[in-house]
Structures are given as structure tokens and as C-alpha cells.
Amino acid sequence: MREEDERYFERIESRLDEAFDRAERAKGMGYDPEPEVEIPVAKDMADRVENILGIPGVAERVRELEGEMSREEAALELVTDFVEGTVGDYDGRAGKVEGAVRTAVALLTEGVVAAPIEGIDRVEILENDDGTEFVNVYYAGPIRSAGGTAQALSVLVADYARSLLGIDEYDARTVETERYAEEISLYDKETGLQYSPKDKETKFIAEHMPIMLDGEATGDEEVSGFRDLERVDTNSARGGMCLVLAEGIALKAPKIQRYTRGLDEVDWPWLQDLIDGTIGKDEADAETADAENTAGGEDEESAADTESGDGGEESDGETETPDGADDEPAGPPRLDPSTKFLRDLIAGRPVFGHPSAEGGFRLRYGRARNHGFATAGVHPATMHLVDDFLATGTQIKTERPGKAAGVIPVDSIEGPTVRLANGDVRRIDDPEEALEVRNGVEKILDLGEYLVNFGEFVENNHPLAPASYVYEWWVQDFEAAGAPVQALEDDPGIDLERPTPAEAEEWATEYDCPLHPEYTYLWHDVSVAQFEELADAVADGRLVGREADGGLAETGDGTPSSDAKKAGDGRVDDDRVLELANTETVAETLEGLLVEHTQSGEAIRVPEWRLLVRSLGYIVEEGGSTSAVDEGEPESDLDAGQSASDVDAGASPPTLDRTWEPADLSPAAREWDGGASAVKAVNEVAPFEVRERAPTRIGNRMGRPEKSESRDLSPAVHTLFPIGEAGGSQRDVGEAARGRDEQGRRGVVDVRVGDRVCPDCDAHTYRTTCPDCGTHTEPHYECEECGRVVEPDESGRVHCDRCDRDVTSPDWFSIDVGEEYRRALETVGERESAYEILKGVKGLTSADKTPEPMEKGVLRAKNGVTSFKDGTVRYDMTDLPVTAVRPSELDVTAADFRELGYETDVDGEPLKFDDQLVELKVQDIVLSDGAAEHMLKTADFVDDLLEQYYGLPPFYEVDEREDLVGELVFGMAPHTSAAVVGRVVGFTSAAVGYAHPYFHAAKRRNCDGDEDCVMLLMDGLLNFSKQYLPDKRGGQMDAPLVMSSRIDPSEIDDEAHNMDIVRQYPREFYEATLELDDPEAVEDLIQLGEDTLGTDEEYRGFDHTHDTSDIALGPDLSAYKTLGSMMDKMDAQLELSRKLRAVDETDVAERVIEYHFLPDLIGNLRAFSRQETRCLDCDEKYRRMPLTGDCRECGGRVNLTVHQGSVNKYMDTAIHVAEEFGCREYTKQRLEVLEKSLESVFENDKNKQSGFADFM
Amino acid sequence: MPLETPVRIVRELAARGYNAEQAAVTLIASTERPGRTLERVVEHVDDAALRITADDVRDALGDARPSSDARDAETRADDVSTMENGAETIEDDVSAVGGDAPNRGERDASTPRRDETTNPGRGDAPADVGESGSGSQDPSVSTGDERGYRKTEAGSGSGNVPEETAGAASGGGTSPGDAAPAASRTVDPSLRSLEVAGDVTGQSTGTGEYGDFVKVFRDRYEKLSKQLRGRVNHRPATAIQSMSGGTDAAMVGLVNDIRSTKSGHWLVELEDTTGTFPCLVMKDREFAELVDELLLDECIAVEGTLSDDAGIMFVDSMHFPDVPRTYSPNTADRHVQAALVSDIHVGSQEFEADAWTRFADWLHTEEAERVEYLLIAGDMVEGVGVYPDQDEELDIVDIYEQYERFSEHLKDVPGDMEILMIPGNHDAVRLAEPQPGFDENLRDIMSAHDARITGNPSLVTVEGVKVLMYHGVSLDEVIAELPEEKASYDDPHKAMYQLLKKRHVAPQFGGKTRLAPEEKDYLVMEEVPDVFHTGHVHKLGWGKYHDVLAVNSGCWQAQTDFQKSVNIDPDVGYAPILDLDTLDMTVRKFA
């Protein structure tokens, strides 16, 4: 590790120590459930594993083994330790297996996720039919978070332990085998599996599995056959088991085999059959083989032949690359469109592009500094033009390369192209301009570029899609062609990225280099016929003076667009525009090509015409020498009003000479891509090579909106103190304190809370401190049966050996909430008027039911924060990555950054200015504005708590948000149990949490729209307690059972290692994309994060290919969040679908009805006809309407929970949308049938008009 | 009754094997003597025609050809006759076969013709029938040939024509070989009777209010408790609540909740119109296994002793509304049969059209001449939107076309049959039960043979025999909830026994079955049916429960992908044929 990095971590850790000391002092006072901080610090993975499992000695052994072997091997090695009893204190054989399995899973998941504690319920030893014993592993749903490999290896570990312990193999009964098969398809149908094994495969696995896989029921749906089995205690699908078998064993068979081979004790020869994929097929194969001898066999065979023949033809005809044999392929290389992302489209979340549709996002390769790791770069102008539906952090479901991505703003790529109401076509590269023209946009012809980094393709193992021809590729071609690129770059008069038309023409013709992308139009999107028509139109067109066109000049003035810049260049052609007859086909072709133009009545004017006409095979004869031109006299249009800089003012204008006749086009060019692409034709007539500008379009639609909001329980909770029903539906402690119960006692409630005992004076109380002497109390475990007091064992389990039952501490207490409330206010010296309301909870769900001191709640209420189930204050944000930042965009200064230990910018220059680009350190995070405000409130709460409750000095003393810079927070993701320490370095107006990708990966998140939370460090240390966690499956998830103080890049989710970290992709890469190569083919050419792992460079050097001027461009919030009702959102969605060229609005309407309205209508109608009812007065629920009619509990009014209004709320809208957007008859008929059903259920036949007239 | 005329005209035409354009019917109806006009039209049209158009009618009306006096007189009588009378004419004619009645040409040409054009087995017909499948044929096929043809077909045994499946409950059925070499169908409609009770169609008055639901359950309680009150000394729940410990008590109530206690006993909470009371069934009692059969919201009676603190009743006996063991079913007065089918699923790619055609053809044989009723227990068509992405598996995507096609298939059966159908869960009516019959629009489409359309469920009395028609959605739930030996897909009739025992076709609320609240509980079996006919589960099964015949009649749709995935192997192309005079049943297979 570099010294600099060491300093960085030490800095974080010293602040952490400081906080720890203060927190330990506070906790030491014994006011909390435990007298010490309950989040242990883990310096490395081994620590985390030990802390999460709570098995002492594991960390040490893991560290020993880690140096010698891989993590998987270590997991197996540890089995021996458990069996021999050197690690873990287990007496029983089942316990040993359990310990080994849990440890293996913890190890393989880096001790971060909750799977090892929540996903494995228990291991038991049962009997086979022949009387021998076997091992049964009992999985639970959260095993999902372990991932397939760890799941599969957990089985292997169990088997290894089994064999070492000399237990026999599991011998599945036939019914059990069948049950596995049925259950897995049920689970697949209900919940969905990544891999759905065939029934044969499942049965094969079940037959050969040497241990039994069992688990908890996770769904309501039950299997229909193979029910009530003796050894399977549920008829529902056992989700954990299904995952382990399907996504673990079946999917990861090759990985497991690698390890079974190394173990003598374990032999799973049957894995080979799984790997070969012969299971489920071999039967069919055998049949075919048999059939071959019979008459039927021939048919089958010949059918197969025909099929393969067809397939071959197809691939010849439509896709793929030239492969020698034929002289030319019939079409360009393309990936097949995929419609998966459109599935489950819902109302209010628009489609931006149909699969690979023209006009959709154009794939550009590259990584912006706020990019990579399941994100997609979109131009901020696009975000505005899609009616603000896209904002920083909005999730989109995408066609490729992954399934979903988080949107990030990148303004160094091309923006969208639109047609305005007046017919003008403009590319919008400026967000401000987008907002100005937005109301006048009639059609969005093109959504602009869509930045995806190479690593995304690696991560998803997705074949490379043909790259857009862009500057960064061209410039390498240019250099390869022998151009003096360096010299041109240094020339201040030349902008290599945006050359003038003349420069571009010169470079393309002088050097053997394709035309500059700036002037390469989308020829592949127009047909050969369109191309010829346009060429003809040019022949009839003329060049006129620029000033003749008012509208265009305005364009030039309005924005610093390339036009204006080039206009000042003084070249002849810049003063003239090409005027073409305004016909529909010409306009459409220009729109398809994305050629900017204006319209005025009869004419279409193209300001950038030179390379357009050159590409169309015209020669531009500069003015003067022309004599006999067949058409009229464009000269007349030139007059004296030209700018002074126009040196050629008096000369005659250039003329255009066509160089080819239709007959000159080769058949290959005409038939290229079936005539749908004019690229070949252009290359035949143009004097230079013209590349495919944007061959890959990527369809996508909106997924989730971005998120930045505080995490509140529902209803919100200030204090985890139980008040039963006394506080009303608001759980108002004040109300509970004043109310009277049935016996007329004021403020007294009967609730179940933990019985605690004072170690000094033996007084019993529910409080954490003794009411008599103030000593910290301990939970009191008294066996209900025998009355014996039991102590918890090492693993925290409390078991009465005499009665063989678990013992818990909770008991019924009559708590005087009024007294408790007054005392709490008094202790912290607050009045009730300091806040509006103090909300408690109805009851406690934890094992020991320890109530939180109410004082904490008072201070939370005062400071306007609420508590999560574990006592912490949390704020949720969508995760986004960023590897380099400018202090200015984070609302901090260079000085602030220097204070944080940042010394240089990305280029190694000393950090002096606020707008210098600085590489972000791995544990630094950027808070959204909302998060900052919330953290400020939390800091005030923590300070109040320290001062007013614990009597200690305040820790934060913040006044404004700048004071938070440098403070530490916890990052914590759902389904995990380990928090990661982060440091606040700045703020952003985007509603997201920007942080280093490794920080997110350490939490096991990627950035495809995932969200997780931050907690203020001190809040977590002071207020978190395991004692508050719910005593149910999943209760330990999303709780900081351990924290990582520093990130080891080797111990994070390896998805982040696939992010590329270079400044430029090589030319070979771009060329490989045209071959649709697999990403591995070019992986060596581009450095990925994984390449620096374990080196000194592992914490730095995250370079990017594209910059963006700010990481929070575009709208701050998606329109999805700012629009009010679902109807408004849907209207906006459909409105947008009409505007987008890449979207088929009928399909959108169809899908909205199909996936949103119909399921809603059907679901609600179903719910209506089998609903529960509820008492309006006492809230009592009834499965069925009581025969008494009134509430049996209180005599109150009972009513339905699903009413007509909620059933048919979408009916009229759905019918309307179906009509307006011309949906299929099938869809309309479904709606019709439903509407009739609704009528039939909700309307009285006898009140309806009916006659015989309609009989015939 | 002028408004009924079109119905009669349609029936009359159908009876003669014709479809008719609506305009044609209107035209006929608008004439002074529609009956006569009809005759004329029928006489006039080309014998190969299957559909009478308005033009045909106009032509016929313009055709001044005089008819014989006898014929005039006969048709004049028809003018005022009811449908039965109209059909009687046919009967007369047909029974006159052997003679050379001069005016029977068009009659003969009607039913048999369809027979020939649609019969897939006609390849092995004697050569003298001559025509080879082309729609147009010589209209003057002689009666003798006709009969000969039919006989051959019926006797051809093991071809693709009907063959008997083994093991009908009674064995009283017929086999193709038994077919009397008699004439074609000779039916006497005047002997028929078909009445429908308990039909919600047009009576759906519920508006989805809370009160409607309460009314339904109260009605259920009232009707079913009536069956039980004679057997126990019922006390209301509130009365039992105030009784002292240790006393004997009895209660009739809807099952509100079933729980097992820690020690393995069963706690059954019963509810009546006053409140609830918990009843404990000890696990070691001999009737404890009855708890396994209980469904929520069914009505039972219990007798027992109150606990010492009077908080609970220890159950000593449990009673169900049930069918009395002594029940003696009604039978028809004459030898007449009904075909019980269901789940036709027209429009599905899996619809077995050939099997259906074979069935329809068979009905035209003399072997089937006593089959005068066709009762269809729901799912005429595959429907739309029944499950996600259904359109990809539909042969006919348009729901109305599905019904049109179904109607075409229905026309294949003899026009003189009485047809009655109820909707199922695939049909285009509400899913919530009771389901009203098809609306006017769909009735118009399915006007062929003037089938009776009633709701699901309906109690249909056929010549005295009470047939309870119910589609059978609740069978899924019964099968899921009850132990396998008591109800399974392989023995669907056993699940039906359970419903008979509970005297309710779909007791459990809140589960799979959907309930639409109406002013009374249409799902209660107030009367004991003689035959209980369901479908839905696509499995064939039948048997007798306390002398009530329970029939689940299979389907006409081959195994679907979904069924394959849940391992249901449907029984396709079976037609149970019920002797209404003996309640014996024969099952015929057509697939």
C-alpha cells in the first residue's frame, strides 16, 4: 500500500477511534441494552466473518489459511477444524456441520451479507429408511444473497463434514425426488429462477445428492401433487432450497466439480452429467437413436435437416460478418434486437426507445468520470427533452448490455436531435437550449448518444455491439493514416474534434482516413432509394446566400454551436446554404440522416451542406470558372449585404456537379442490407470512406425513479418504546400518557417487555437501568416450566436443559407510560412543546423485547428525525459511482479538499482551484442535498443526546452543512449485515448518493438503480443495538452487525473489478466491435480494475474516457416524482411515446394496458370477490363477513376492504387508451369482457333497461 | 306472441339443418304466414345450401309455384303451432320412411346431409352413397341409401367412429354394434320437458355492497341450518356463551376457523347469526378425521359438552347437511338419454375438433336416437385473457369468432336435440359465482338449435330428473384442501361427493373461488339433485354418492402446456351418456 493511502485510512480510523471512545463512555453508563458499542470494527474480511457468525477463533484461522489457499479451499479446510472441534464450541454432530456450513458461506460472501446467519436455519441429522443417518440442511430465503457459488459450495461443505463425521448419505424417497421437481417448477413460476432446471435434471440431482436439502416455506402457493410428505414439513415451495438446488448446484456444477476433485472424501461423479448437459436430453437422444431404426426416424431426421438448413440461410441472409467465401455479405454486422426490457411495462414509466429502433439512443463506448458499474451516460439535454422523465440516478431497463442501469448525465457526448413545430431540425447539445425549445418540439428524431463503458460488456459477458464512429476512434484512424495528430492538436487554429467542413474534407481526402464523424451522417438509417432521391433533389437544389435565411442566423447567434464557429472561419461555403425543394421524402431522409436544416414554405435549407453533397457524390466547383450550368442562376442570390470578412464577395458561387449516374451503383451496394442501408452506395460515390455513424441503437424504458429520502418506518417511530393500542393509530406517546384504560387507570398500558434484573439489588424491571440503584440491568431468563433461572450460552442461545426448551425473558408488564414520559422529559430537560408529536411503537418484536430509553425518542422528536427498527436514523439514496470530482460541483472549495488530504488533481498538478478535477478516494462519498440536511439534524440529535442524556460533551457541533465535510458515516445496504465506513466530502443537488464504485461494491451494491442508506457514525455507535432487532427470519438483515473501517479492493463484490479505468480505448477495440467479438477478445487491451488488485495502484488510477462538466446536470428530480397522480404520469408517458421517433406508441399503450391496467383490474376484481372485511370502529379484521353483520368485538360497523371504486378505477381510462392508440382487438375484447363482469357484479339487473329489440 | 316468431323460425330452420341470415329470418317473420313461407323457402332453396339468405327468401316468395293442397294444410297448421308442433312434422315425416312420401325430400336432405359432409369416417361408406366429400351432392339420395350408409357407419365398430369405453357404472349402455338397424332419429318432442331453477341470469341484483355479502351468508346459514336443525337441539352461540360449564349443548353454524392446538386437537370455531363459539374436537375421537374434510364457511352441526369454565365445547358428534342415505332419485318415465359434456374450449389450439365431430356424427346415428338432451357444463370456448399471454396459444384470437365457431360446431349435433349450457371460467361472463348465463350478444351468436342458456350453477329438471349443473371451479379448492384419498384430480367425482355432503357447490370464501354477492346464496343445494354434473378439471370421473350420480365429464381440449407442467393428463373426447329412466350411465369415447 502506498504511504498516501495508508495516511488516508489512518485519518479515517483516527476519527473513528475518537467517535468510538466517546460512544464507549456513553454506553458505559449502562443506559442502553448493552453497556458497550455493539458494532464491532472489522479490519478485514476474517474479522467480519467472525463477527457476523459470532464464532470465536474463526478469524484467526481464516487469516492463517488465506495466505496459503483460495477462499473456497479455506472454507473446505475449515470443515476439518469444525469436525475436530478446534474451531467452534459444538458438541453435537449437527452443530459441527452447521458451523462449517455457515462459516463457508460467510467466507465466500466476504462476511458482508446476511446469508450465513439468515439463510441457513439449521442442520439436523435424520434417519434414512434403512435406519442409517443422513444430514439435512435447512435453508431459508435469505440464502439468496449468498449467490449461486456460495450456495452450491455450502452443500459441498455439508457433505464433506458429513463424510468426515462418518454419517451416511441421504437416500431420497421417490416421492421426495418428485416433490423436488414439482416444487422447483412451482417456485420458478411463482418467484422466478435465474436458471430453471428441467424436471429430469432436478430429479437427477435429488437422487444423487448425498445430503438432504430442506427449508422453510417461502410462498403461499402449494404444490398440488406430492403433498404432506413425512420428511417435508410444508406443502409450499421452500425458496431457500429451490435456490440452492437450481441456481447453486444445477447452475454452478462446473465450479463445484473443481473442488470435489481435490477432496478424497467427497465424490460427486454425477456432476459430470450435469456439466455435459446430458440430463433431460439423453432420454430424447436415445429415443431418436431408436427411432432411426424405424420408419418414423427418417421423418424426424429430415425435419431436423430442414431446420438447420433454414437456420443457415437465415444467418447468411440477415446477420454476421463477411467470411471470405462470398465476396460481400448482404448486410452490416448487427446484434439481434431484444425485447426483454419491455416486459412488465407499467403506467407512468415511459419507453424511450423500442428495441434497436432508429431514433433511439446511439451506443457510444466510453466511461465518464461518474460512470461504470451498471450505469448509462445520457446527455442532459436528452433528459430535459424526454419531459424530465430522466434525471441523475433514474433507473432504466435497457436492451443491452445488462438488464438495468442508473442514468448519469454526461455532456461530452452528442445530444438529441429534434424537429420543431416549424419543421426545423436541430441537434440540441445544451441543456439550456433543450429547456428553451422543449415546448416547440414536435418529434424527437434521435435521443442522442448513450455512453456505455467497455467493462459493462465484460461484466455481462455480452458480445460487443458495433461502435458508433466517434471522434476518439477517428482520431486514432487519422493518426494511423499518417496524419500529424499531435501537431494539429497543438495548433490553436484547429479544433480536431470539431473541424470546419473544409478541414474535414481535406483530411478525408488527403489522408486515407474515413470522413470525420462530425460530418458523417447516418447513411445506414436511410434506404438506397432515399439516398438516390436525395441525390436527385440536390441536383435540383441551389446554393443561396446565408443571410437570405433569417431563421438560420438566429440559430447561429443563439448558441455557440458549431455553425457559428465555422461561420467565422471565412470559408466560401460557409456563406451559402443549400436550398432544396421541400418535399416530404427529402425532409424525411434528412431527418433520418440527422442533418440539421430549416424549413420555410417551399424550401429546405441545409447550412452544413458541403460534406453532405460530397457524400452524395457531388463535386463542388468553386465559383468563377463555371460557364455552362444546365440550371438557372444561383448567382443572383448573392448581393452586397455580406459580411466584410467575405473576401470572395464578388465571385460567382460554387456549383455542384454530380459525378455518377444511377447505373453506376453496383448491385452489391443496392442490395446491401436489403436496400435498407445506403452506406455502401455512399462509399461508392463519395470521394472518401464513410463509416457507419451509429450502427447500434439501444432501446430502453424507465425503471424505478431515483431516490433520496429519509427511511421512516410506517407509521414513523421516534422511540422504540411500546405503548400498545393506547396511542391510537399514530402511536402518540403523549396521548397514551394521558389516556385511561378499561380499568380507569391513567396512562397505564399492559405490554410484553423483557424482564430484566439488577445485578446489585436483584430488583426486576423492564428498564435498562435499575430504578432503585441506577445500575445497568441484565435480561432475566426464567424457565416457564420449571422456574429455573438460565444463563445464555456462548452463542447467545438460552436453553433450559432440564425441560429441553428455549427460554425467553419477556413478560407482561403494566407500564405507566405517563410516568415514563414525564421522567424522560425531565431527564433530558425538554418540554413537550419542543416537538409536535412523539411516536412510539405498538409492541416490540425482538426476542428479549427490550424497550429503548424514551429519552432518545424525545430528542429525536425534537430534532425531527425518526428511528429505524434497529434504533438508527437512516437516509436512503440511489447509488451512483464517481471516480473523479471537482470541488466546485460538490459545493466545497479546493481548500476543503486539501484539508481532507487531497493534494493533486488527476494530472498530478497541485490542487489550487475549485474546478480542478480530483481523483476521489475509495471511501469518500457525496451526499445529496436532502441527505446533508438530514445528517445535520441527526448530528444535532446526537449532540443533544450526548449532552442532555449521557452528560458528555457534544461530538459534532455543526451549524451548516460544510461542517459535515470530513465526518464519517456508515453505508449499509439491504440484505447485508455489515456497514462500511465512509467519509463525507461534498454535496450534490442530484437526488443520489455518489461515491467511489468500490465503496458501493464493498456494500455489495452495484449502481443499476439500487439504493441503500447512510447513517451518521455516532448515531450508529450510540443507538444501534442487536436487542432491538426483530426475532424473525430476515430480522438480522439490514442491520450493522459489524463495520468495515477500510475497504480492501480484493474483498469487495468483484463486479466492480470489471470497470475499465483507462483514458482511451484502442483502435483495435473499436474494430473488434464490428466483428461482434466477445469482450474477452479485447480484454487485454483495456485495463480493468481487477488488473491493479493487490498492487500499490489498487486505490488509484481510475481514469475515464469522457468528462462531464458537472455530475448533477439535467433535472434534479424525474418527472415521475414531480407529476402527481398515476393518471398524470400515464398521460405524460403516452404523450412522450408519440413524440419519440424510436417509440411505437400503440405498443406502449398495449403494454400499459396489458401489464398494468389489466392486472390491476383483474387483481382487484378477484380481490373483491374474496376479500376480508374490517371493523371501521375497532379495526378488527374478519376473513369473511360476520353473520351478525356488525363487529363481533365491539358491535361497530364492519365494511369491505375492497370497494367498487378501487376495482374499476382504471376501467374507463384503459378503454379510452385502447381506443385512442388503436390497440389490438384482443386487448379491447379483454377490456370489454372485464367491463361486463364489473357491470354484472356491481349493477342490479332489475334496474337496467332491457328489451327484446336487441334479440335478433 | 309475435316476438317469439323469429325464435321459432330459427328453430324450425335449424331442425331442418339450415342456418339462416338474420335478414332472412326477419323477412320470413314479416310475412303473413311465416310457417308457410318457411316451408316454401325450404322447398325453394338449393339442397346443398346450408345457409338461407334473404335472397333465398325473396326468391321463394317470388316463386309462384303452387304447392299441393295437403302440404298447404299441413303448413297452415304449423303457423300457429309451437316449436314442438313444428318438430312433430318432422317426426311424422321421418316415421313415414319406407313409404315414398313425396314431400320428404327436403327433410331427408337436412340432417343426413350434414352428416355426410362432416363425417370423417365416410371414406368407408358404401360406394353407392357415391359422393366424395364435395359439398354439393345429388339432392335425391334415396332414403334407403341413406339408411344403409348410416348403418354401415354405426356398425363399422373399431374405426374412428364411436367406440365404447370400458366400465360404465351400469353397463346398461349401448355399443355401436347394438345399434338397431332402425330408421334415423325418431324423437317426439312433446314428451320432453326441461325446467330450470336456481338460475341467476337476469336476477343479479347485488351491487357489491357489504350488506349484499352479509345477506348471502345469512341465506346460506338459513338454508343449510334448516337441514340440520332436526338432527340436533341447536342453541344460538350467544345462548351457549351464557350456559354453565359441564352442560350438554349443540350448535349449528358456519365454520369460521379451524386451528390445530399444540397438543394436536382441533379447534373449530362455529358461527351463527348471533356470534361464534369454539368447539374442540379431540384428536382421538373417531370422527376427528372429519375435520380434515371441513372447509371454511360450510355449515355443520355439533353436539357436545361445555368445558368447566363454559368457554369451549368438547364435541361428541358432528353432522353435515348431507344427502339422506335413503334418498331415492327421480327417473324419467320413458327411455330417453342425455349427453353430459363440458369444457369444449373452442378457439384453443388444443381444441379437438375431430373428436367433437365424431361425437356429433354419432349423435345422428340410430344408436344415439334416444339421446335427446345435450347438457354442457361450461367453457364453450377458450376465452380471452384467461391467463397471461393467452393470445399466443389461441387458434382463434377473437372472442366473438370463438363463439361463432362454437356455434358452428353445435350445429353439427342433430337439430332436434334439446341443448342446455351454463358458462364456465373461460367464458365471457363474470368469473364470480353465481355466473349469469351469456348476454344477448353472445346468445345471438349461439342461436343454433335454440339452445337453452342458463347460469352457473343451475338446477335443471329433465323429464323429472334433477340435474345440478355446475362448472366446477371449487373442485380445485376442494382437491387442494382435502387429503388426497378424499379428493384428487384422478377421482374428481370424490371431490363432488364432498360438495354433495356439504350441500353447497363452493363453500369456502376467500380462497380460489370467487363470490359475487346476490340477494340469496345461489350456490346452496337446497334440493338434493339426482345427478350432479360438473367439468372444469378436465378429468373424467363418475360415481354414486347416496344414490346421487356425480359426473365430471372430461373435456374436448388436448393437454395444454400448462397442464403438462402441473402433470394433469386430461380426459379428452368423452361423452357420458345418461339414461334418464334408470340413471345408468355409459361413457363413449370420441378421441
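Tutor: Start with one pair of residues: A:Phe361 has A:Ile698 as its bridge partner, and A:Ile698 sits in strand 20 of chain A. The model is predicted: local features need pLDDT of at least 70, side-chain atom pairs count only at pLDDT 80 or more, and totals for chains, interfaces and linings use all residues. Residues are numbered from 1 along each chain as its sequence is written, while chains are lettered from A and ligands numbered from 1 in the order in which they are written.

Our part is strand 6 of chain A, residues 361-365. (Strands are DSSP runs of E, at least two residues; helices are runs of H or I, at least four; both are numbered from the N terminus.) Strand 6 of chain A and strand 20 (residues 697-698) of chain A run antiparallel, joined by two bridges. (Two strands pair if DSSP finds at least two bridges between them.) Strand 6 of chain A also pairs with strand 13 (residues 449-452) of chain A. This time the sense is parallel, over four bridges. There, A:Arg364 has A:Leu451 of strand 13 as its bridge partner.

Is strand 6 of chain A enclosed or open? Five of its five residues are buried, so strand 6 of chain A is largely enclosed by the rest of the structure. (Buried: 20 or more other C-beta atoms within 10 Å of the residue's own; exposed: 12 or fewer; partly exposed: in between; C-beta atoms are placed from the backbone.) In a regular strand the side chains alternate between the two faces of the sheet. Both faces are covered here. A:Phe361, A:Leu363 and A:Tyr365 lie on one side. A:Arg362 and A:Arg364 lie on the other, and they are buried too.

Which annotation covers this region? UniProt, in an unreviewed entry, places "domain: DNA polymerase II large subunit DP2 central" at residues 335-618 and 671-790 of chain A. (Such annotations may be inferred rather than shown by experiment.) Over residues 671-790, chain A is 12% helix and 18% strand. The end C-alpha atoms of that stretch are 86 Å apart.

(Axes are lines fitted to C-alpha atoms; angles run from 0 to 180 degrees between N-to-C directions.) Strand 10 (residues 417-420) and strand 11 of chain A share three bridges. Within that pairing, A:Val418 faces A:Arg426 of strand 11.

Chain B has an enclosed element as well. Helix 12 (residues 353-363) of chain B has eight of its 11 residues buried, so it is largely enclosed by the rest of the structure. Among the buried residues are B:Trp356, B:Phe359 and B:Trp362.

Finally, the two chains touch. The contact takes 50 residues from chain B and 39 from chain A. (Contact: C-beta atoms, placed from the backbone, within 7 Å.) Helix 2 (22-30), helix 9 (210-229) and helix 14 (440-445) of chain B each supply at least two residues of chain B's side. The largest share, six residues, comes from helix 9 of chain B.

Key: Contact = placed C-beta atoms within 7 Å.
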